[in-house]
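Have the structure open beside you as you read.

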Amino acid sequence: MIKTMLLGNQAIAYGALDAGVSVLAAYPGTPSTEIAETAAGFETMQTQWAANEIVAAEVAMGASVSGARAVCCMKHVGLNVASEVLFTGAYTGVNGAMVFVVADDPGMHSSQNEQDTRLIAAAAHVPVLEPADSQQAYDFMRLAVLMSEACDMPTIVRMTTRTSHARSVVMRGEAWPQEKRAYEKNVRKYVMAPANAAFRKTTLQDRLMAAAEFAAEHGLNTVHKGSGKIGIICAGIVSTYVKEAVPEADVLQLGLVNPLNEKEILAFAQSVETLYVAEELEPHLLNAVRSFGIVCEPIDTSYIGELSVRKIRQALGLSVPQALPAFTDLAPRPPMLCAGCPHRAVFYVLSKLKATVFGDIGCYTLGSMPPLSAMDTTLCMGASIGMAHGAELGMGRDFARKSVAVIGDSTFFHSGLSGLASAVYNQANTTVVIVDNGTTGMTGHQDNPATGKTLGGEEVTPIKIEEVCAALGARSVRVVDPLNIDEMETAIRQSWEEDGVSVVISRRPCVMIVKKREPAFKVDPDKCIACGRCIGLGCPALLRENNRKAMINSDACIGCGLCARVCPVNSIGGKNQ
Amino acid sequence: MNILIVGVGGQGTILTARVLGEYAQRMGLDVKVSEVHGMAQRGGCVVTHVRMEKTVLSPLIEEGTADVILAFEAMEAMRWLPRLKMGGLVIAAKDRIVPPSVTNGQAKYPENVAANLPENTIWVDAVELAKKAGSVRAANIVLLGVFTAAAGLDQEQMRQAIVQSVRPVFREMNDSAFTLGYGAVNA
Ligand SMILES: Cc1ncc(C[n+]2csc(CCOP(=O)(O)OP(=O)(O)O)c2C)c(N)n1
């Protein structure tokens with residue numbers, strides 16, 4: 001037996017490996033990314049970054065239907081993108097196991113919303129397993145594989161930020177062989193034309209309820225006996241808070257959070273005096289328990305953010321540890337673009353042009369932060385192009401002469417392609433700025449179709465963004481080095497003036513993937529007039545002296561020279577000066 | 001024991017937590033480490049929770065429950081003070097990392113951080129000592145040395161845990177960083 005300390009996400013990957021999974025496809029997204037990154041090291045598994053989550057789910061579904069065990073991984077909002085596979089995959093069922101691993105982000109540590117995967121799963125009639133720590137992540141991943149095959153259903157393992165990114169000890173079990181079922185053509189099961197789908201739907205509830213029986217057989221739900229006074233129903237990370245907050249409580253920890261087993265819940269409810277439900281986000285368990293006619297109260301009624309030991313004790317009127325007050329006026333320290341980040345130059349130009357910027361999701365979303373403040377919207381991945389197009393429809397051609405869509409390279413392949421095609425088709429006059437830094441930066445530098453490398457590190461032919469845009473009918477495609485700010489400004493102005501969809505590709509690699517750094521730049525204090533233009537770039541390497549003149553922190557500066565280009569009096573010099 | 005490691009993205013808090021996780025296992029303790037990945041790493045505040053106990057349930061250190069706050073940046077020690085147990089220990093690097101909100105004049109860096117931290121605080125010239133050991137990047141191991149001495153932990157096991165967790169080429173440098181930190185308390 002191997003005993004190691006693993007992140008919840010690593011435990012999921014090892015669970016998949018030891019469950020005989022042969023195919024794992026994913027699209028990066030915090031807090032789920034490390035699952036695929038860990039699996040990439042397994043020689044016996046086919047792993048990949050798909051272009052987006054629905055492709056990852058389709059790849060996994062194809063493997064499953066063919067007879068292999070397959071997994072796809074994503075963050076919670078990725079399931080919106082992949083939900084078609086989930087909803088109809090519940091009708092078809094599987095051949096080899098098909099498991100979705102979905103990582104929710106209560107508290108929105110790194111997400112654009114706080115949606116609850118359990119509700120989507122309930123709507124799709126798909127079983128959900130929810131582990132509380134790395135050991136359970138490993139165990140439940142293996143059970144999710146077995147359950148999928150036993151119930152002829154895709155299954156979901158729901159992680160949350162705190163289970164994905166906590167490290168604890170895991171005992172791995174014996175690895176199961178990579179079992180493959182024979183492929184058999186079965187049109188009634190796999191071709192979801194209306195008549196077949198209608199037939200498959202009649203089997204859906206039975207297959208779903210079989211998951212509850214499977215859970216009972218395999219002891220997925222556990223009861224921790226207490227004094228019988230207070231009973232708390234909970235699952236996942238919340239069950240660790242509950243057990244720590246109220247050691248004397250009776251606790252029903254659900255390993256299977258959809259569907260619930262009525263008999264089991266009823267028996268637990270009858271064994272305690274007062275029944276509570278503790279859960280983060282939506283009242284999913286609460287409503288399910290109440291639907292059985294059982295009286296219970298929620299621990300948390302805010303339905304926002306994370307629970308904690310403290311919140312649970314407070315809700316039950318128990319004492320909490322004394323704590324020092326917080327300093328309310330401390331300088332905030334939000335995340336920001338790195339020193340030398342190529343995105344900064346683009347936002348400098350857009351801010352100078354007072355452009356309306358329909359943004360997208362990635363590191364470049366940080367261009368919305370002061371002092372650049374050069375982004376007006378960020379909604380969901382790929383929204384920039386459609387929104388810029390829609391704004392022109394709403395406000396007229398002149399509006400398009402002052403607005404741009406800004407989208408990253410990874411985001412472009414994720415969901416920008418269809419937006420671009422649609423804009424061209426509908427004769428939009430949108431200007432699209434693709435900020436190509438050669439990586440999927442925000443999630444920790446993963447490769448994508450334009451980088452020329454796969455998840456496994458294999459060199460492949462990169463797909464050229466400029467060729468794709470031209471092929472999709474863009475009226476013009478200009479490739480610009482963003483540090484040439486004058487050229488960038490001209491490119492955007494020209495794009496605004498011409499009719500049709502114009503693309504400007506801002507191309508310079510992310511400073512975190514370019515290992516080489518140039519010598520730091522220096523400010524000549526005799527020349528500096530303290531105008532603050534360089535400070536307005538928001539570069540973390542730029543500071544102000546007490547006399548308000550600029551100063552460069554040479555440890556942080558990577559020598560991009562953008563500040564020297566914006567200085568009106570040539571007071572900043574670099575290696576060439 | 002609850003150890004809250006706080007700092008700014010890119011300072012090596014995660015490696016420090018990993019060393020402590022390794023140490024706890026060597027001491028036969030249950031341990032959970034909770035990390036921050038993703039967005040917060042772009043120069044934002046980062047916090048890593050390390051809990052070692054006979055059995056650990058929640059992976060998080062909440063208000064009023066940290067035995068120790070290990071701060072890699074001075075102001076960050078102040079920010080996380082509400083997590084400290086009453087009478088708990090603060091080990092803080094003197095080094096300042098000024099956020100852009102201060103550079104832009106929208107906010108102020110606190111003038112006297114020391115006056116705002118509890119009496120039970122150990123100040124460390126972390127970057128200075130790390131440079132002596134060979135690289136500013138070893139500041140985290142300097143702080144680990146201070147912590148090991150101040151909390152009376154097993155020095156040999158901690159050194160082994162460091163060896164286990166860092167790349168072989170950095171072993172010697174980290175060992176001397178540890179020694180400098182450890183010595184800074186006894187002196
Ligand atoms: C549907 C969805 N999937 C995944 C994510 C996580 N995510 C945030 S930004 C991003 C990609 C960023 O890469 P890129 O567009 O290349 O921009 P960069 O960060 O490199 O500037 C991803 C995958 C998300 N927010 N939404």
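In chain B, buried residues make up 58% of the 187 residues. Please keep in mind that this is a predicted model.

**Chain B: elements and overall form**
- Chain B contains 8 helices and 6 strands.
- Reading from the N terminus, its elements follow the order β-α-β-β-β-α-β-α-α-β-α-α-α-α.
- The radius of gyration of chain B is 16 Å, which agrees with the value near 16 Å that a compact globule of 187 residues would have.

- Take the contacts in chain B between residues at least 6 apart in sequence: 62% of them join residues at least 24 apart.
- Chain B has an accessible surface of about 7400 Å², and carbon and sulfur atoms account for 49% of that.

**Chain A: an open sheet**
- Five strands of chain A form an open sheet with mixed pairing, in the order β9-β11-β10-β13-β14.
- Its edge strands are β9 (222-224) and β14 (297-298) of chain A, each of which pairs on one side only.
- Strand β13 (residues 274-277) of chain A pairs with β14(A) in the parallel sense, over 2 bridges.
- Within β14(A), P298(A) is the residue that stands opposite V277(A).

**Chain A: S32, a loop residue**
- You will find S32(A) in the loop that links β2 (23-26) and α2 (34-39) of chain A.
- S32(A) counts as buried because its relative accessibility is 2%, and the cut-off for buried is under 20%.
- Beyond its neighbours within four places in sequence, S32(A) is in contact with N9(A), Y27(A), M74(A), K75(A) and A103(A).

**Chain A: I434, a strand residue**
- I434(A) sits in strand β17 (residues 431-436) of chain A.
- With a relative accessible area of 0%, I434(A) is buried.
- Although I434(A) and I505(A) are 71 residues apart in sequence, their C-alpha atoms are 4.8 Å apart in space.
- Setting aside residues up to four places away in sequence, I434(A) touches several residues, including I407(A), F412(A), I465(A), C469(A), V503(A) and I505(A).

How values were computed
Residues numbered from 1 in each chain as written. Chains lettered and ligands numbered in written order. Predicted model: local features only at pLDDT ≥ 70, side-chain atom pairs only at ≥ 80, totals over all residues. Heavy atoms only, no water. Helix = DSSP H or I, 4+ residues; strand = E, 2+ residues; numbered from the N terminus. Rg over C-alpha atoms; globule rule 2.2 N^0.38 Å. Buried < 20%, exposed > 50% of the residue type's maximum accessible area, 1.4 Å probe, protein only. Contact = heavy atoms within 4.5 Å. Areas by Shrake-Rupley, 256 points an atom, 1.4 Å probe, with all protein chains shown as cover. Pairing = 2+ DSSP bridges.
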